[in-house]
Amino acid sequence: MRFKASDGDVTNGEIIDLLIEREDGGYVYRIRAGDKIHEVWEGLIMPVGETTDPMSLLKAYRWDTPKNYIARWSMADIYGRWCAASGGLPAMLGARVMPLGHQIYAARRVLFDRTPRFILADEVGLGKTIEAGMIIQALQAERQDFSVLVVAPGSMSRQWLTETYLRFGARAYHHIDCARLAEETRTSLGDLIAGQRLIVATTALEADAKFAEMITARRWDLVVIDEAHQIPPEHALYPRLQQLARQSDGLLLLSATPSKRDMAGLLGLLALVAPDAFADETVVNFQMKYDRQSAVWDRLNFTRKLIDATAAEGRQLDPDEVEFVAEEWVGLIEGDELFDALLDRMRAGEAQAAIELVAYVQEFHRLDHRIIRTRRATLTSDTTSWPERTLVELPWSTTQAEAIFLNHLEELPQGDGPDAKALRALYQRFCSTSPNSAVRFLEERREALNSEPSGATGNPVTRIAADTGPNDEPIIITELVKTLAPLGGEESWLRTALGLARAWQQEGGFSRADLLATWLTDHLEDLENQVLVFVQDAASADDLADRLEPLLGKHAVARFHCDIDEEDLASTAFRFQHDKTCRVLVSDELGGEGRNFQNASAVVHFDVPVSCARLEQRIGRLDRVGRQSDREVLSVVLEPATSADKALLETHRDVFRVFNRSIGGLEFILPKLQLQIQAAYGESPSALRAIITALQDEVDASLGAADEAFDISLDATKPELERSSALALEIENESDNAECATTLRSWASRLGIQTKKRDDGSSEFRWTNGSLNISNDRLKIGAGTDGESRLVCGTFARETALERDDLQFFAPGHSLIDTMIFEAEHGQHSRVTAFMLEGFPKHKGTLLLQVLARSVLDERLWQGHDIGLGLAARARSLLWPEVTAEIMLLRDARGAHQDIFTHAGLRGFLDHPRRDLTLKPIEPSMVSELPFLPELWNSIDKSVPLALASIEKRRAVAAQERADALETSLRGEFGFLRWQAHTAKNHDAANAFQAAIDARLALIQSTRSPRTDLLGLALVALV
C-alpha cells in the first residue's frame, strides 16, 4: 500500500506491526519500505491504483486493516439506518431544527417531484424558510457542486445568510446587498456570482442593472425567491425573476397564501414556476379555469365537513350518508377511472372510500399541484392551538425641552409632491425617537441644504416604503437626505429645530426611555420574563440601550443591530435565548428577520414603523409555531410623540389589528396599502386619517373574500400530514448519537482527519490539505497547499445543537459528514481486509470469506424513462441502500468448499459490524505462501456469486413489500395521469402522460428487483 512519509514523499510499503492507538481512535503502524522502517498514522496510508472492485483488491493483496474495514462497513450500515429514520432523505436529520409535520410534508413534496419548482405558501409563522432550508440541504447533499441562488428582500437577506449556515449544513454563502455592491469591483462581483452559493438582496438587483444582468446570465441549479408575492407581474423586477426562472432547473417561491381576489398575482407566481403551462395564460382564462373547478371544491368542502363532523361524534359515515354524498359528486369529474372507482365504492356504502376520495381530489384536482400550502386552521386540533396577541399602550409625559421641540416638529413646513412627502416622513421618524437621533438627523439635513439639493431621482416615497432592511436602508436614507428638494421655509425651520433639539439633548431628558425603564422594572420582577425591544435604526438602538443600562444593569441589557458583526450577533442571540440574566434585548429591525425569540415574554415597539409588515415581523419573533398557547404574545407601545405617529398607530391597531391577529391573508394587497400609508403619513396626520375608511374597506374585502372551499383545495391532505407528522416524530426521537459519533470518528481517522472528544461532550475534527486521504477536493482548504489546516467543532446530538449555536451539527446534510459518506461509498479505502478470529478451537484452521453486499434500486431499468431526482428519491424513501453480510466456508479440515457457513455462534460475530473484537491482521505474505493458494482463489471465485445470490434471495421478500408500498403510494398518480391522458387535447400530450405512467412502472420494477452490489470482502482465519 502507499503511505505519506514524514518528509512528505508518497511511497509504497508493507505494514509489519501495529504500534499504538491514539487518543482520537486512530492507529499508528510500523511500515517497511525498502530497507527503511516508518511509523505512520493510519490517516496517511492510502490504497494503490484506481480500482474499487473488492475482488481485484483482494487478489492484488491490497488489504486494509480490520479496524478500517469495519469502520467503512459501519458507515454503510449507519447510512442505511439514517435513511430508515428519515424516510429515505437522510439530510432531513441534519437540519438544526425540530421539524414539524407540515414542514416535512412540504419538503418531501418538493423533493419527490420530477422537478423541484414549487410555490411554498404556508401562512405567516409556519416556517416556509425552514421548509426551503431542508430542501436546499437535501439537494446539496446529493451533489457537491449544486448551485443555489437566494433572492430575498433587503430585510431578510442577511438572515438567510445566517440561517443557511447555522441551520442547514454549515455551507457558507456569499451575500450581496447595496452596501456590498458599493465595495466590490465588477471583476470581484463576477467571482462571487460564479460561486456555488449566493444570497442577493432585491434592493441590489434594483439598484444596479448591470449586476442584475450578471446574476441572470448564468445557470443555477436552484433559485429561491423569498417574499415572491411582493414582486407581481407589473413590478419592475418581475422580468428579472422571469429570466432567473428560465435559467434555473429548480425554483422555490416563498409567498403569501394565494387569494382568489388576486388572480393576476397568483398567475404571476405560477408563470414563474411553470412557464410552459402559464407564461401565455391570460387572467381571464385563468379565472375561467378557477370557476370550472369551483364546483369540485364546493363538494370537497361539503364532504370533508361531513366526515369531520361524524368523526367528532366518534363514528364514521353510515351507508346511507355515504350514498347520499356519492350522488353529490356525480358528473363533476368525467373520465377519471380512479375517481369513478371510488364513487362506486361510496355508492355501495363504504365510508373509507369517502375519506380516500377527499384525499385524492384534494391532492390531484387542485388548482395546481405546484402550490404547497398549510394554514393554521389545518393544524389546529386538541393538541395544537395558538397564543393570543394582546396590546398594552403606555401613556407618557414630556420634559419641558422635549415638549418645546416636539411642538416645533408639529409645525414642520408642508410641501407638494413625492419629495415633500418623503422628507416630512423622514423628519417625523428620526426626530421623535430620542434627542440624539433628532440632532443627528437635523445636522445631516442642514449639511445637505448647504449643497442646494435639486431633488431625488425616482419616486422617493416608493423607495422609503420598500422593505430594504437594516443594511441597505441607511444607504438609501442618506442618499435621500442629501438629494430631496427643500420644503418651503425649511432652512429657517431647521435652524430653530436644531437649537431646540440641542437644548433637549443638553437637558438630558429622554422621558420615553425612562417610562419604558419603569415598565420594564415592573415586568421583570418575574424572573422568567425577558423582553425584546425594537427601535428602527442601529444608532437609536444604542441610544436606548445606553439609557437603560444604568437603570437595569449593564449585564441585563444586550444590543442587536446591523452595525455588530455576525459572530457577536450569533453570540448575543444565543445568550438572550438561553441566559435568563439577559433580561432585555434592544434591537433594530435586524432582530425581526426570522429569529426565534419566543422565549421573550413581551415585544416593545419603542417606535412604530410605517410598515405593517415590519410590525408583523417583530411580533412574529414571539408568535411562532412551538410557543405555548397559554403564553400570550404581548406587544407594548409607547404613546406616540406626534399627531402623525398617533394616526399611524391608529391605522395599525384599528385597521390591520396587527397587535391582535396575524396579517396572514393580506400579504398580496399589503405592498399597495403600505405605499398609500407612507404617502399619507408624509403629507399630514389628517391625510392619513382621511384614507382609514378606504383602507378598512380593502382589508375587510380581502379577508372577507376567504373562500373555505378554495382554501381546502390548496391544503395538504390529512393522510399526508399524518404520515409526515409521524416522520417528524421519528426524526425528533432519533437517538443513535453515541454510535454515530463513534462510527464517524473512526472513519474520519481513516480519511486523514484527526478527531477528539472534548470535555463538554462535543467533538472536534482537524485536518490539513496534506493529511487528507480522500478521492475529491470537497474538504480542500484555501489554495490547497499541504500546510493549510482547518478545525471544526460540533455535536452529534440534536438537542445540544438546538441549544448551542456555537457548535456545528454533525449529521447527514453537513458538508463534512456528506464527504465522509461519499468516501465510504465511492472511495477506494477499506474495501478488503484479512484477519484472524480467536475463540473457536474446534474450527481452528478454517478459512471463511465474509461477503458484504448492498441492495439498491436497479437503475438500469430506468433507461429510456424520464425518472428525475424526485421520482428516484420517492423510490429510495422505501428502498434505500442496505448492507447485508453472507459468510462463506472456503476451507476446513476436509478441504476446499464453496458453501454458506451456518454456524450461528460464529455468524453472530460476522453478520454485523462490531468494534469490540480483537482482530489480528493477516499479512499478504502469510497467504501468498500457502500451498493450496490456487485452490483458495478458486473457492473465492465461486463463493462470491453464490453469496450475492443468497443475499438477493434473502432480500427478495422485503423488496416485494416495498415495491407494493410504492405502487400503492403511486396509485393516485396513476389514476390522475390516466385521466389526463384520456382527456388530453392532442396526441403529443397524451403520449407525454403515458410516458409519465411508464416511468413510474419502471420505478416500481426497479424496487421489486433491486440490484445487489458487492461492497466488501474479508478473508477470515479461525485460530
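Colleague: Which strands does helix α11 (residues 263-273) lie across, and at what angle does it run to β7?

Modeller: Helix α11 lies across β7 (117-120), β12 and β13, running at about 150° to β7. Angles here run from 0 to 180 degrees between N-to-C directions, with axes fitted to C-alpha atoms, for helices over the stretch in contact. Helices (H or I, at least four residues) and strands (E, at least two) are DSSP runs, numbered from the N terminus.

Keep in mind that this is a predicted model, where local features need pLDDT of at least 70 and side-chain atom pairs pLDDT 80 or more, while totals for chains, interfaces and linings use all residues. Residues are numbered from 1 along each chain as its sequence is written, and side-chain values use heavy atoms, leaving out hydrogens and water.

Colleague: What makes β9 and β13 edge strands?

Modeller: The open sheet has seven strands, in the order β9-β10-β8-β11-β12-β7-β13, with parallel pairing. β9 (174-176) and β13 (371-372) each have a single partner strand, so one side of each lacks a neighbour in the sheet. Helix α9 (residues 209-217) also packs on this sheet, touching β8 (148-152), β9, β10 (197-201) and β11; contact means heavy atoms within 4.5 Å.

Colleague: How do you know that β11 and β12 pair?

Modeller: Pairing takes at least two DSSP bridges between two strands, and five join β11 (residues 220-225) to β12 (residues 248-254). In that pair, L222 stands opposite G250.

Colleague: Why are α18 and α23 called roughly antiparallel?

Modeller: The axes of α18 (residues 400-410) and α23 (residues 490-507) come within 8 Å and cross at roughly 160°. Over 145 degrees counts as roughly antiparallel (under 35 is roughly parallel, 65 to 115 roughly perpendicular, the rest oblique), so α18 and α23 are roughly antiparallel to each other. Residues in the contact include F405 and L409 of α18 and W493 and L500 of α23.

Colleague: What makes strand β26 (residues 882-892) mostly covered?

Modeller: 11 of its 11 residues are buried. Buried means under 20% relative accessible area, exposed over 50%, partly exposed in between, with a 1.4 Å probe and protein chains only.

Colleague: Which strands pair with β26, and in what sense?

Modeller: Strand β25 (residues 847-856) is joined to β26 by nine bridges and runs antiparallel to it; Q850 has I887 as its bridge partner there. Strand β27 (residues 895-900) also pairs with β26 in the antiparallel sense, over four bridges. L889 has D899 of β27 as its bridge partner, and β26 and β27 form a hairpin with two residues between them.
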